[in-house]
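Thanks, everyone. Please have the display open.

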Amino acid sequence: TIAPPSPLTHQRIEMNGILNIDKPHGWTSHDVVAKLRSLLKIRRIGHTGTLDPAATGVLLICIGKATRVAEYLVAREKEYRAVLRLGETTDTQDGTGQVIEQHDVGNITKPQLQAVMRQFTGDIFQMPPMYSAVKINGVPLYKLARAGQTIPRPTRPVHISHIGIDAIRGTDVMLNVTCSKGTYVRTLCHDIGAALAIGGHMRHLTRLRVGSFQRNQSLTINTIEQLHR
């Protein structure tokens with residue numbers, strides 16, 4: 001919420017609060033921050049947890065004094081809806097990359113998928129993808145990946161409390177994932193495909209929730225523009 005302006009003063013209004021933004025497809029998290037900074041005419045603003053450009057959904061924006069709680073919001077549990085495409089492995093582990101392996105999916109059943117997914121539930125370790133902002137010796141991995149390099153990188157502990165199957169349509173599996181901060185859902189999709197020995201990648205991703213902030217309560221950029229006129 002944002003503190004409303006007082007009709008009794010012409011002084012500059014101080015904005016403090018948290019905006020629950022529904023990030024549109026194709027925008028970086030920085031794009032959203034830059035747009036809101038320009039629109040609301042405020043400098044002290046930042047997001048809490050990056051979403052890739054191809055992802056949509058909840059992006060929490062802290063404004064003014066609320067930036068002090070950003071680190072606590074980052075640590076909140078997150079919920080995602082993802083589409084896992086089986087039989088295709090990409091170099092980015094998602095649909096933005098190039099397909100580097102293809103396999104016949106065969107007759108994979110829901111019980112088979114559930115059995116494999118149980119291996120990735122609870123406290124697990126993930127290796128950050130090469131196309132990520134994780135830095136090794138001060139260099140973001142994505143810069144090395146774009147230069148054609150693949151380097152060893154340490155795994156990181158994450159917690160996945162739930163992986164549910166909402167539907168299976170051909171080679172696409174609709175997943176619902178609840179996890180801790182730092183979890184790469186595209187790496188989860190990649191690893192599930194690898195465990196099935198047929199490969200896989202994340203086709204789509206939407207963040208449904210961060211802590212108690214739900215997507216069905218979020219505001220679009222267009223709505224913010226209309227309210228600010």
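Before anything else, a definition: buried means under 20% relative accessible area, exposed means over 50%, and partly exposed is what lies in between, with a 1.4 Å probe and protein chains only. This is a predicted model, in which local features need pLDDT of at least 70 and side-chain atom pairs count only at pLDDT 80 or more, while totals for chains, interfaces and linings use all residues. Residues are numbered from 1 along each chain as its sequence is written, and side-chain values use heavy atoms, with hydrogens and water left out.

The overall figures come next. The protein has 229 residues, and 45% of them are buried. Its C-alpha trace spans about 70 × 40 × 30 Å along the principal axes. The accessible surface is about 12,600 Å², and carbon and sulfur atoms hold 50% of that; areas come from the Shrake-Rupley method with a 1.4 Å probe, and for residues only the protein chains shown count as cover.

For secondary structure, there are six helices and 13 strands. These are DSSP runs numbered from the N terminus: H or I with at least four residues for helices, E with at least two for strands. A contact means heavy atoms within 4.5 Å. Taking contacts with a separation of 6 or more, 67% are between residues 24 or more positions apart.

Now to helix 5, residues 185-195. Which of its residues are buried? They are V185, R186, T187, L188, C189, I192 and G193. What do they pack against? The partners are strand 4 (78-86), helix 3 (110-117), strand 7 (122-126), strand 10 (156-169), strand 11 (172-179) and strand 12 (200-210).

T187 is a residue of this helix. Its relative accessible area is 1%, so T187 is buried. Beyond its neighbours within four places in sequence, T187 contacts Q93, Q126, M127 and P129. Just after helix 5, A197 has a positive phi of about 65°.

That brings up backbone angles. Most residues other than glycine have a negative phi, and most peptide bonds are trans. K41 is another residue to look at: not a glycine, yet its phi is near 60°. K41 sits in the loop between helix 1 and strand 2 (45-47), and counts as exposed because its relative accessible area is 60%. N137, also not a glycine, has a positive phi of about 55°. The loop between strand 8 (135-136) and strand 9 (139-140) holds N137, which is exposed because its relative accessibility is 79%.

Next, the largest pocket. A pocket here is found on a 1 Å grid over the protein atoms alone, as an open set of points where a 1.4 Å probe fits, with protein on both sides within 12 Å along at least five of seven lines; lining residues have an atom within 4 Å of a point. The largest pocket holds about 1,000 Å³ of space, where the volume is that filled by probe spheres set on the points, and points are joined across faces, edges and corners.

Its lining has 34 residues, with T50, D52, A133, Y184 and R186 nearest the centre. Two or more lining residues come from each of helix 1 (29-40), strand 4, helix 4 (141-146), helix 5 and strand 12. Strand 12 gives the largest share, three residues. By class, 14 lining residues are nonpolar, 12 polar and eight charged. In that count Ala, Val, Leu, Ile, Met, Phe, Trp, Tyr, Cys and Pro are nonpolar, Asp, Glu, Lys and Arg are charged, and the others, Gly among them, are polar.

On to the cysteines. How many disulfides does a search of the whole structure find? Zero, where a disulfide is a pair of cysteine sulfur atoms within 2.5 Å. For C62, the nearest cysteine sulfur is that of C179, 19 Å away. For C179, the nearest is that of C189, 11 Å away. C179 counts as buried because its relative accessibility is 1%.

Last, two residues around strand 6. G97 is in the loop between strand 5 (88-90) and strand 6. Is G97 buried or exposed? Buried, because its relative accessibility is 19%. Sequence neighbours within four places aside, G97 contacts T90, D91 and T92. V99 is in strand 6, residues 99-102, and is partly exposed because its relative accessibility is 42%. Not counting residues up to four places away, V99 touches E88, T89 and T90.
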